[in-house]
Amino acid sequence: MSVIELKQVSRWYGNVVAVNDVTMTIGPGVTGLLGPNGAGKSTLLHLMAGFLSTSGGTATLDGQQIWRNHDIYRTIGLVPEREGVYGFLTGWQFVRSAARLHGLQDDAAERALDLVEMTAAKDRRIETYSKGMRQRVKVAGALVHEPQVLLLDEPFNGMDPRQRLHLMDLVRKLGAAGRTILFSSHILEEVERVAQQIEVLVAGRHAASGDYREIRRRMTDRPHLFRVRSSDDRRLAAALIADASSGGVSLTAQGLEVRTEDFRRFTRLLPRLARDLNVHLWQVSPTDEDLESVFSYLSGRS
Ligand SMILES: Nc1ncnc2c1ncn2[C@@H]1O[C@H](COP(=O)(O)OP(=O)(O)O)[C@@H](O)[C@H]1O
Ligand SMILES: [Mg+2]
């Protein structure tokens, strides 16, 4: 069982602060690293893999410093985001060369290919593979030396739904076997389907931590802005203003804009009011549900 520990880790590139004073612990099982583009996810994964040094703070694996520690590299596998594979190689050649780099024999490559279910296609050139197969071969390359820790950077990006399910199953399986797995993503739904634990990174900072219920709760427990269109906006507005859950109601050309501090109460109140007033609801849509605004809200609170 392996544990990665970051203590007040920062990393900057010139003037750009990519990771800012992050303290987190990643233990066995599957953890999702959630954050929008530019949040510092790739930088954090590279720090954990020993590809980058920290500018401040410490990154350790089971108590040992990761940077420039060759023994530690043997226990970590990284699947980078970029397509780091040559299309002219076969899957077998690619994974075997990864095995050789670790001083391992062909049986290690065979085992890794079998684990990702790529044995049948191993003699085809990688350029003929689908995105999902390419991703699985990369995972096999990172697993040849049977590392206790597996880090995956945006592994589900660009995959079709079927391939995504397949890779999600594999990641879950590897986590259930006791490995310490961390993968990055900017999509909450993706993260909560695979990860038991979620760490949220926003603008280089550690913005939230918890299981998906906790993260969901923090994301819904915030002011919401809804657009409402109905058969009688004025009547509905008057009734909404009277209730404590609405923080403000304004009548616009596109309908009502309703701000609420209490999401649950509002979503129960609105249909009841409409029914009592005999007003038909035509449209109820959140206007600030994009993930960016949720992220900026989370980062503002921490
Ligand atoms: N090699 C680099 N040189 C300069 N800035 C970089 C470099 N790599 C990343 N950055 C910057 O650091 C920040 C975090 O980047 P990154 O770790 O790639 O985030 P993410 O993977 O979450 O999209 C961004 O502002 C990015 O532009
Ligand atoms: Mg990235």
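Q: Leaving aside its neighbours within four places in sequence, which residues is phenylalanine 295 in contact with?
A: This is a predicted model, to begin with. In it, phenylalanine 295 is in contact with Gly35, Pro36 and Val202, once neighbours within four places in sequence are left aside.

Q: And where is the place of phenylalanine 295?
A: Phenylalanine 295 sits in helix α11, residues 291-301.

Q: Is phenylalanine 295 buried or exposed?
A: Buried, because 23 other C-beta atoms lie within 10 Å, and the cut-off for buried is 20 or more.

Q: How far is phenylalanine 295 from aspartate 262?
A: The two are 33 residues apart in sequence, and their C-alpha atoms are 19 Å apart in space.

Q: Gly35 came up just now. Which residues are around ligand 1?
A: Gly35 is one of them.

Q: Which element gives the most to the shell around ligand 1?
A: Helix α1 does, with three residues. Both α1 (41-49) and strand β2 (16-26) supply at least two residues each.

Q: What does β2 pair with?
A: Strand β1, residues 4-13, in the antiparallel sense and over seven bridges.

Q: How many residues lie between the strands in the hairpin of β1 and β2?
A: Two. In that hairpin glycine 14 has a positive phi, near 60°.

Q: Back to α1. Which strands does α1 lie across?
A: β3, β6, β7 (149-152), β8 and β9 (197-202). The helix runs at about 155° to β8.

Q: What is the strand order in the open sheet of six strands?
A: The order is β6-β7-β8-β3-β9-β10, and the pairing is mixed. The edge strands, each pairing on one side only, are β6 (76-79) and β10 (205-210). From one strand to the next the twist averages 15°.

Q: In what sense do β3 and β8 pair?
A: Parallel, over six bridges, with β3 covering residues 29-34 and β8 residues 180-185. Leucine 33 stands opposite serine 184 in β8.

Q: New topic. How many residues has the largest nonpolar core?
A: It has 62 residues. Those with the most contacts inside it are Met48, Val95, Ala112, Ala140, Val144 and Leu151.

Q: What does alanine 112 touch, not counting residues up to four places away in sequence?
A: Val95, Ala140, Leu143 and Val144.

Q: Val95 is in helix α3. Which residues of α3 are buried?
A: In α3, residues 91-101, the buried ones are Gly91, Trp92, Phe94, Val95, Arg96, Ala98 and Ala99. What covers them includes α4 (106-115) and α5 (131-143). After α3 comes glycine 103, whose phi is positive, near 70°.

Q: What about the open sheet of four strands: what is its order?
A: It is β12-β13-β11-β14, with antiparallel pairing. The edge strands are β12 (246-252) and β14 (281-286). On average, neighbouring strands are turned by 20° against each other, direction ignored.

Q: How many bridges do β12 and β13 pair over?
A: Six, and β13 is residues 255-260. Valine 249 has valine 258 in β13 as its bridge partner.

Q: And how many bridges join β11 to β13?
A: Five, with the strands running antiparallel. Histidine 224 stands opposite threonine 260 in β13. Five bridges also join β11 to β14, again antiparallel, and there arginine 229 has glutamine 283 as its bridge partner.

Q: Last one: which strands does helix α9 lie across?
A: Helix α9, residues 233-241, lies across β11 (224-230), β12 and β13, running at about 165° to β12.

Notes:
Residues numbered from 1 in each chain as written. Chains lettered and ligands numbered in written order. Predicted model: local features only at pLDDT ≥ 70, side-chain atom pairs only at ≥ 80, totals over all residues. Near = placed C-beta within 6 Å. Core = buried A, V, L, I, M, F, W, Y, C linked by C-beta atoms within 7 Å. Buried ≥ 20, exposed ≤ 12 C-beta atoms within 10 Å, placed from the backbone. Contact = placed C-beta atoms within 7 Å. Pairing = 2+ DSSP bridges. Axes fitted to C-alpha atoms, helices over the stretch in contact; angles between N-to-C directions.
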